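Please look over the sequence and structure before reading the points below.

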Amino acid sequence: MNVYISADIEGITGLISWSQCSRPDGNSFDYAFARRMISHDVNAAVRGARRAGAERILIKDSHGNSKNLLIEDLEPGVELVSGHGSLTTA
């Protein structure tokens with residue numbers, strides 16, 4: 001089974017304010033926290049998908065510039081579409 005996960009920052013664990021959801025441009029006081037939490041939530045989805053039998057998991061970072069997920073923190077063996085069109089294997 002193949003699984004596609006599209007991840008966006010709005011609505012992830014611990015985010016309660018729009019000011020946490022932007023980019024690292026000085027207007028987002030807690031962007032580093034948001035990046036950790038989106039990576040954490042995606043990993044939880046990956047583990048659930050694997051328990052359900054997924055063999056291939058493709059993740060699309062879908063927030064803003066699509067460079068939010070912490071690649072080094074993702075579960076091993078997933079594929080990530082980061083930025084606009086680049087595919088990386090974690």
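Which residues are linked in a network of salt bridges? They are Arg47, Arg50 and Glu75. The model is a predicted one. The protein has one helix and four strands, and their order along the sequence is β-α-β-β-β.

**Overall figures**
- Of the 90 residues in the protein, 39% are buried.
- The accessible surface is about 5100 Å², and carbon and sulfur atoms account for 52% of that surface.
- Among contacts with a separation of 6 or more, 48% are between residues 24 or more positions apart.

**Strand pairing**
- Strand β1 (residues 2-7) runs parallel to strand β2 (residues 56-61), and six bridges join the two.
- Within this pairing, Ser6 has Lys60 of β2 as its bridge partner.
- β2 also pairs with strand β3 (residues 79-82), again in the parallel sense, over three bridges.
- Here the bridge partner of Leu58 is Glu79 in β3.

- The whole structure contains three salt bridges.
- In one of them, the side chains of Arg47 and Glu75 meet at 2.9 Å, N to O.
- Arg47 lies in helix α1 (residues 31-51) and Glu75 in the loop between β2 and β3, so this pair ties together parts that are 28 residues apart in sequence.
- Arg50 and Glu75 also meet in a salt bridge, at 3.9 Å, N to O.
- Because Arg50 lies in helix α1 and Glu75 in the loop between β2 and β3, this pair ties together parts 25 residues apart in sequence.
- Arg47 is partly exposed, with a relative accessible area of 31%, and Arg50 is partly exposed at 33%.

**Salt bridge between strands**
- Arg56 forms a salt bridge with Glu79, and their closest N and O atoms are 2.5 Å apart.
- This pair links distant parts of the chain, with Arg56 in strand β2 and Glu79 in strand β3, 23 residues apart.
- Arg56 counts as partly exposed at 40% relative accessibility, whereas Glu79 is buried, with a relative accessible area of 15%.

**A backbone point in the loop**
- Ser66 is not a glycine, yet it has a positive phi of about 60°.
- Ser66 is placed in the loop between β2 and β3.
- The relative accessible area of Ser66 is 4%, so the residue counts as buried.

Terms used
Residues numbered from 1 in each chain as written. Predicted model: local features only at pLDDT ≥ 70, side-chain atom pairs only at ≥ 80, totals over all residues. Heavy atoms only, no water. Pairing = 2+ DSSP bridges. Buried < 20%, exposed > 50% of the residue type's maximum accessible area, 1.4 Å probe, protein only. Contact = heavy atoms within 4.5 Å. Areas by Shrake-Rupley, 256 points an atom, 1.4 Å probe, with all protein chains shown as cover. Salt bridge = Lys/Arg side-chain N within 4 Å of Asp/Glu carboxyl O.
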